[in-house]
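Me: Hi! I've got a model open here and would like to talk it through with you. Could you help me find my way around?

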Amino acid sequence: MSLSRRTFVAAGVGALIARPVEAMGRKPIGGRLRLRWPYATDAIDPHDLFDPLAACLGTAIFNTVYARDSRGRVYSALAAGLPRQESGETTIRLRGGLRSATGRRIDARDLLTSFKRAKGRTAGVFLAMLPSLRMRIDSSDALRLRCGRVDPATLAELLCSPLFPLLPGTYDPRRPDGTGGFKATLLADRITLDRNGFAARGSSFLDGATIRSASDLTSSLRAFEMERDDLGWLGLGLHRDRAKARPFDFGDVGWMVLTTGDRARALASPGVAQQLANAVNVEALHLGLRPREGLQRGMPWLGEPTSLYYEQGSAHLRVVAERVAAQLSSRGHEIRAASIEPARWRRLRKNRDYSLAVQFVRDPRLGPWAVRAALAAVDRRRLAEEIVSRKTRRAPARPAHLLTANLRVGVLGALSVRGGIAAGWHMPAHVHGGGIDWSNIHRL
Amino acid sequence: MNPRAWVCCLLFVGVGLLPQRVSARAPAPTKSRTEAPADPSPTALSTVVAVVKRDLGQLPPGVIVASAPFTSDVKAPRAAALRLRLLQLVASSISRPPAAATVSRLVGATAAARKRGLAGFVWLRPEVRAGRLALTAEAYSVAATVWSRAARPGATLLRQVHAEARLDAQLRLYLTPLRIGEPRVEKFLGADHGIVALACGDIDADGRSEVVSMSRRRLLIARLAAGRVVREHDVSWASLSGIAPVPLREPLGTLTLVPRDDGPKMWIDASLSDRGQSVRLDDSFSVIATSPQRVVPFGSGSACVRMKSMYLDPKLSSCWGGPVVGLPARLPLRADAVASARIVRTDGTSQRWLAVRGPSGLRLHAGATGYALGQAGAQVAVGDLDQDGQPDVVSTRDVQQPRHDKVDVRSIASSGLVQPRFTLPVLAGVDAVAICPVDDAGVAPVVLASGGEIWLIR
């Protein structure tokens, strides 16, 4: 697949034109945003297709090598230009002088390590876009990565995905480090964002932000209504809307899905998970998910009493799991929501050694075709890679819950980044990465 | 020395001591409150005199200087005084002892030279036109003996030289004062979008001002003609400098036109926070020098600063090597917008003014004296629009919505009084603003960039 020339803008120019110059005064610098949300705050892994924190906060901490502007054109963000073909091989050259938030110099070795890391994790499914990818550092240029005989346009397209940010070689999800507008410090109960003085695309306007971990879906609304927070997650208040607050809706960053494992036996057949999900009246349960349209008839759980797993640490997953369990349970076919420690969950998921589970899947932001591949990755990695590697990757946009007919995945609803922002703040949507454009938030 | 020459000198001394005209807009000038020493920046008068002296070269000893009547395309109530002043300055610069004749015709100068037994004379033709003082100087020789006189009855032209300089406050004293009134706006289509800095001046010394614009993509030299921005030269930023390791999210750019030491053309000093290097360019956009620091205007030249926490660090230093008068120095505050100009005062001295915008608003400084001008937008220019020797500040509004933006022009009197002159709404917002050199009989024009247009405001 190749993109026409006009879909690219000149190298090095678009990196800094993502936002038009419109303000006559300059945007105020300073301020600290306060919010809380129902997700774990102790680790963030941008190469994890199933990490909700990466979906909601990744653009604050990380940058991709390439990005798309508001018209969908690809431009170089961290590279010195678009991928080039030299002697039959595609190469990428990074901009000089890049540093991570901790001050570590970034060069092509880090790009190579980022690729390798992604390959070993769930984001690696999408490397099937480039089956000929063979990477090595250019011996004469520490900033240049040779990538083998791959299509330059496809390589740039892949590197636009928030699943493939440029990370320093020693990346640790519990001590995240990147080139984004903020530097993040993760604690068990909160995330502290501070302005990154080495930000490759410009430091944040804010001094920082404090994001606390909430234990349910109402804490943020309550705190926002009482003016203890500046952002209300999923609404403008619990009992009544906060005065002068403005709503925002920055689209969907992924989906909450119900998945059936091998222990569900006959009910683990492809398509059943979506029928089960359709039986959950998500739209009436205030689960913070975007309503689904065009639902087909659902079916109740008719299997043995079982557990519905969800990964420990995320209040949103817990609430969704509990409500799903309650809705699908019936006498003799009870379902009990049960949290599971992350490492154990990864093992069970890999082996499909469970009956029912609720989890999150990120939107890879590679186009409508990639949504089905992401959902398939929940089911089977090999199936997802087959979808990715198909030569034709054009597909009309369809609701995610209509893409799961032959998957063991059922979409419960889209996780949308929406809520309310207090007066005195300007908060834009991220043009390409989805969700909030954290680095461009500023006071009014 | 010929007694008549002494009379002329005395006449000149007398002219020099005439009281300065008092501005109608401000109290009479008092002793300057600034503490900054006036550094030797040329005035229009000194410029034309220096050029004439240089280009006339070696002259026969004992020439006298005479002048035609002064001509002007503007009303000049004190034209005679200006003529005499020029006569005195040229005479004192080229002849020892200074000798001037108060004749008003060439034949009279010839006769005066002969009568004194001099080898020749210099004939001046002073003129004010199109915002400039133009001085043509002709060196003549006269026949020394009766026989040579018979062969050559008149004077023989040896050399003709010409010098021009834009009007300044010292000259304006002799002319009708200007008034900054209601603006007249001309709009020119076809400018780049997203312009972050503008400059205006006669870069290539062809007698016409060009407009230089800087966007995040390129630098462009253009003329304004027939409602269009007509491109002359452009260069992409990508060909000048790589991207800065840590750019600003909201770009900070400056364009400064600096007179060259080696001729009448100008350097273009350009700096953009997106880019790792600031550059000095010539009028064809060839790179002359680069600097990793940010270039800002500083008087009639430029200076360099570093970025510090998303602002310009106050410490100013020389950009391109070599000493610069007034450096090292400091901005009065950490800034995100800087404008500067060296303004000639009515007494012929000059003063460097700095307009600096920081978190607390816009301030105007000259030496230790500063004026607070309140909140303002990030586009600012300073100059002497009406040639009264006092700074005029062009600023915009500190707004986030373009439709609320306006251009404000204010004058600062010698008393410190800030006088609003006019306000002009700009619905698409002001991207950049600059003051152009005087190019006609009126007030210096202002140019601004707004959403793909250049506005020329007179």
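Predicted model: local features only at pLDDT ≥ 70, side-chain atom pairs only at ≥ 80, totals over all residues.

Me: Which residue of chain B does A:K27 form a salt bridge with?
Reply: A:K27 forms one with B:E250, and their closest N and O atoms are 3.8 Å apart. The cut-off for a salt bridge is 4 Å.

Me: And what about polar contacts there?
Reply: Between chain B and chain A, 8 residue pairs are in polar contact, counting pairs with both residues at pLDDT 80 or more. On the side of chain B that touches chain A, the residues divide into 14 nonpolar, 5 polar and 12 charged.

Me: How many residues are in contact between chain B and chain A?
Reply: On the chain B side 31 residues take part, in contact with 32 residues of chain A. The two chains bury about 2700 Å² between them, with carbon and sulfur atoms giving 56% of that area. In chain B, the residues that lose the most area to chain A are B:R249, B:E250 and B:Q400, together 30% of what that side buries. So B:E250 comes up again, as the salt-bridge partner of A:K27.

Me: Nice. Switching to chain A by itself, what does the domain assignment give?
Reply: Domain 1 is made of 28-62, 180-245 and 422-443, domain 2 is 66-158, and domain 3 is 252-416. As for secondary structure, chain A has 9 helices and 19 strands.

Me: How far apart are the C-alpha centres of domain 1 and domain 3 of chain A?
Reply: They lie 26 Å apart. In chain A, 23 residues of domain 1 are in contact with 21 residues of domain 3, and the two domains bury about 1700 Å², 64% of it on carbon and sulfur atoms. A:L49, A:F50 and A:L217 lose the most area on the domain 1 side, together 37% of what that side buries.

Me: What about salt bridges between those two domains?
Reply: The rule finds 0 salt bridges between domain 1 and domain 3 of chain A, while 9 residue pairs are in polar contact, both residues being at pLDDT 80 or more. The domain 1 side that touches domain 3 has 13 nonpolar, 6 polar and 4 charged residues.

Me: Last one: what radius of gyration does chain A have?
Reply: Chain A has 22 Å, which agrees with the value near 22 Å that a compact globule of 444 residues would have. Its C-alpha trace spans about 70 × 50 × 35 Å along the principal axes.

Conventions: Residues numbered from 1 in each chain as written. Chains lettered and ligands numbered in written order. Heavy atoms only, no water. Contact = heavy atoms within 4.5 Å. Buried area = accessible area lost by both parts, 1.4 Å probe. Salt bridge = Lys/Arg side-chain N within 4 Å of Asp/Glu carboxyl O. Polar contact = N/O pair within 3.5 Å; in protein donor to acceptor, adjacent residues only side chain to side chain. Nonpolar A, V, L, I, M, F, W, Y, C, P; charged D, E, K, R; others polar. Domains from an automatic or database assignment. Helix = DSSP H or I, 4+ residues; strand = E, 2+ residues; numbered from the N terminus. Rg over C-alpha atoms; globule rule 2.2 N^0.38 Å.
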